[in-house]
Amino acid sequence: MSQEVAGVEVLKVVLPGDEVLQYNPDRNKERIFIGPGLRWEDNVIRATRPGLLKKTLKRLYYVDSHQKRYIPQKREFVIGTVLKKKGDNYIIDIGASEQATISYLSFENASKKTKKEMKVGDLIFGQLLVANKDMEPELVCIDTYDRAVGMGPLPEGGLLFNVSLHVARLIVNPKNSFLLTISKMFKYTIVVGFNGRIWVKAKKQGEMVAIMNCILMLEVMTLEEANENALRVLSSFSQHNSKEATC
């Protein structure tokens, strides 16, 4: 069943418990990476959920399933909503079965004297530092060098919407030209969380809605179909706005 799309190889359909491959780090010289939907135990990698087993060019294996319930995975980037403050932490909704936490010190240039203040409803883009079944998810907004590198609270005035998890992974693939197609028509900023949340900001509200509708095409269309239809929809939108501006 092997086929390749945008640099990602589709290997086969797997079910929970299926053996994907045997991997002994002491014997196998080739290094591999394990992503969502897989678990390594006793030198055997098995699937933990049903879906398509995929492999990237950087030897990352993961199971892609069309689901909207997010299962936190360590090192993944997510978009969350601030629910409340609890002691030195903020409680964050990331769309998973459990809420995540983030310390006020987990931001660039944060200290006990310069705490990061956020309010209920604020959006935040961060990375999961802790994610396992025995502990609540923990977010950070800094890398190993204490730099924000794009993480942190998202500005007001943007548009947040949800997509299936496979769509979120599809559009962040560096070999996928879909976002470049949209950029031919509009200038915009986009932040994509692996938890299926997308935040977009453009000059006008109508442009943000048009971009959202184009991305949602990927829920029901192939990448090629969505590219063609996105250009048509955005061109029509631009022409309509131009006519209104001249009236």
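Let me start at F161: leaving aside residues up to four places away in sequence, F161 touches G196, R197, I198, V200, M212, I215 and L216, where contact means heavy atoms within 4.5 Å. This is a predicted model, in which local features need pLDDT of at least 70 and side-chain atom pairs count only at pLDDT 80 or more, while totals for chains, interfaces and linings use all residues. Numbering runs from 1 along each chain as its sequence is written, and side-chain values use heavy atoms, with hydrogens and water left out.

Now the cores. A nonpolar core here is a set of buried Ala, Val, Leu, Ile, Met, Phe, Trp, Tyr and Cys residues joined through side-chain atoms within 4.5 Å; buried means under 20% relative accessible area, exposed over 50%, partly exposed in between, with a 1.4 Å probe and protein chains only. The largest such core has 27 residues, and F161, F178, I182, I211 and I215 have the most contacts inside it. Helix α3 gives the most to this core, six residues. A second, separate core has 24 residues, among them I79, I92, A100 and Y104.

Next, α3 itself. Helices are DSSP runs of H or I, at least four residues, and strands are runs of E, at least two, numbered from the N terminus. The buried residues of α3 are E207, M208, A210, I211, M212, C214 and I215. How far apart are the end C-alpha atoms of α3? They are 17 Å apart, which agrees with the 16 Å that its 12 residues, 205-216, should span at 1.5 Å a residue; the expected span is 1.5 Å times one less than the number of residues.

Last, the loops. R75, between β8 and β9, has a positive phi near 80° and is exposed at 56% relative accessible area. N109, between β11 and β12, has a positive phi near 65° and is exposed at 68%.
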